[in-house]
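This report looks at charged side-chain pairs. Where do they sit, and what do they link?

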Amino acid sequence: IGFRGGYTLADVRYKDPTIGYKNSGMGAPTRLNSWHADFLVNIPIRGGLHLQPVLRYNTKGAHFEQTIAAPASVFLPAANEIRVHYLELPVNVVYKVPLSFGKLAIGAGPYAGYGLGGEYDLAIRYNGKVVQNTSQDISFNDQTKLISTSTQLNRWDAGANFTIGFEFNNLIMIGANYSLGMTDIDKSPSSTIKKRYFGLSLGILLNREDY
């Protein structure tokens, strides 16, 4: 059993089949800095092979750069950052290689995520300048959408998770993971949103299966 947490660098693949990135009030996505917290269990299977389910709280999303020039003397609202809070369950198959100072752990597996809520920052632009900023809550109801876009979000997310790390003999662990979302969370039929992120973690094992 162990606990860990750390840094997350997240973005989205946000595309429209006709124009590339979706531009109905939102521009091309850039990366979002956030954090995550994990509770994990190592279950020995055979030899160095382990099953490692992880319960993870994570914040995913993206910044958006405006790519459409607003008409002169027109107030144009556009979301410029989206943050969605998830409870995720990656289930990794991990192979551990014994080393003199501990173990190298390499693994992969599927994950499922449940959206708990979120926020998006809304900027009002006039003649190319931001004149007002505000924050709005994200709802997963069918009736609710992000202002100035046709985007409606699904609550559930799923994809693949890849992990590598070290478990030291003193029970400290460090690692990295890459999560690739494979579910389109955009309810609108004309575009797709798929999330992805890279994470760095530091944690501690409360015990070890080989002790």
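A salt bridge here is a side-chain nitrogen of Lys or Arg within 4 Å of a carboxyl oxygen of Asp or Glu. By this rule the count comes to 7 salt bridges. The model is predicted.

| Pair | N to O distance |
|---|---|
| R196 and D11 | 2.8 Å |
| R56 and D38 | 2.8 Å |
| R83 and E119 | 3.3 Å |

Take R196 and D11, whose closest N and O atoms are 2.8 Å apart. R196 belongs to strand β12 (residues 192-205) and D11 to strand β1 (residues 2-16), so 185 residues separate two partners from distant parts of the chain. R196 has 27% relative accessibility and therefore counts as partly exposed. D11 counts as buried, at 12%.

R56 and D38 also form a salt bridge. R56 is in strand β6 (residues 49-65) and D38 in strand β4 (residues 32-40), 18 residues apart. Buried means under 20% relative accessible area. R56 counts as buried because its relative accessibility is 2%. D38 is buried too, at 4%.

R83 lies in strand β7 (residues 75-99) and E119 in strand β8 (residues 102-126), so the bridge ties together parts 36 residues apart in sequence. R83 is buried at 18% relative accessibility. E119 is buried at 19%.

One network joins R4, D38 and R56 through salt bridges that share partners.

Key:
Residues are numbered from 1 along each chain as its sequence is written. This is a predicted model: local features need pLDDT of at least 70, side-chain atom pairs count only at pLDDT 80 or more; totals for chains, interfaces and linings use all residues. Side-chain values use heavy atoms; hydrogens and water are left out. Helices (H or I, at least four residues) and strands (E, at least two) are DSSP runs, numbered from the N terminus. Buried means under 20% relative accessible area, exposed over 50%, partly exposed in between (1.4 Å probe, protein chains only).
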